[in-house]
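Here's a quick walk through a predicted model. Have a look at the fold first, then read on.

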Amino acid sequence: MKSFVVSDIHDHYDLLIEALNRNMFDENNAEHHLIVCGDAFYSGPQPGELFVFLRNLSQKGRLTFIYGNHDIELLDNLKNNRFTRKANRTCAELLVKFLTDETDLTDNELIEKCNELGFTDFLTN
């Protein structure tokens with residue numbers, strides 16, 4: 001097995017893919033495993049794309065996800081039905097918009113959508 005280790009992605013899916021491509025990561029190669037060392041999600045532009053990518057790797061057993069402080073805070077916000085920082089709300093908004101095309105949702109609606117889409121469960125596991 002070949003492991004690829006990244007950290008502090010902060011929702012920058014495009015930059016993650018660029019770095020993985022430069023290092024010959026192949027998401028279809030069963031011998032390639034991605035290790036994310038914290039802060040995958042927070043304040044960047046592409047949480048939806050990142051979630052889909054990481055969830056697919058996780059479902060194939062090819063992802064190790066280590067929580068960072070921002071991931072823990074976001075999960076806490078989703079589980080406790082409140083956003084303590086604008087960046088957490090923005091992450092949820094962009095994720096929901098990417099996956100459902102829905103916008104202008106209340107905090108409770110955003111949290112409910114994150115639950116329905118499996119994002120909260122993904123962060124929990």
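## Overall fold

Six helices and three strands make up the secondary structure, and along the sequence they run β-α-β-α-β-α-α-α-α. The C-alpha atoms fill a box of roughly 45 × 25 × 20 Å along the principal axes.

What about the radius of gyration? A compact globule of 125 residues would come out near 14 Å, and the protein has 14 Å, which agrees. Buried residues account for 45% of the 125. Take the contacts between residues at least 6 apart in sequence: 71% of them join residues at least 24 apart.

## The aromatic cluster

Counting rings with centres within 6.5 Å as pairs, you get eight aromatic pairs. One of them is F41 with F122, edge-to-face at 6.4 Å centre to centre and 85° between the planes. F41 sits in the loop between β2 (32-37) and α2 (47-59), while F122 is in helix α6 (residues 119-124), so this pair ties together parts that are 81 residues apart in sequence. Both residues, F41 and F122, are buried.

F122 also pairs edge-to-face with F51, at 5.6 Å centre to centre and 75° between the planes. Ring pairs join F41, F51, F65, Y67, F119 and F122 into a cluster.

Notes: Residues numbered from 1 in each chain as written. Predicted model: local features only at pLDDT ≥ 70, side-chain atom pairs only at ≥ 80, totals over all residues. Heavy atoms only, no water. Helix = DSSP H or I, 4+ residues; strand = E, 2+ residues; numbered from the N terminus. Rg over C-alpha atoms; globule rule 2.2 N^0.38 Å. Buried < 20%, exposed > 50% of the residue type's maximum accessible area, 1.4 Å probe, protein only. Contact = heavy atoms within 4.5 Å. Phe/Tyr/Trp six-rings, centres within 6.5 Å; stacked < 30°, edge-to-face > 60°.
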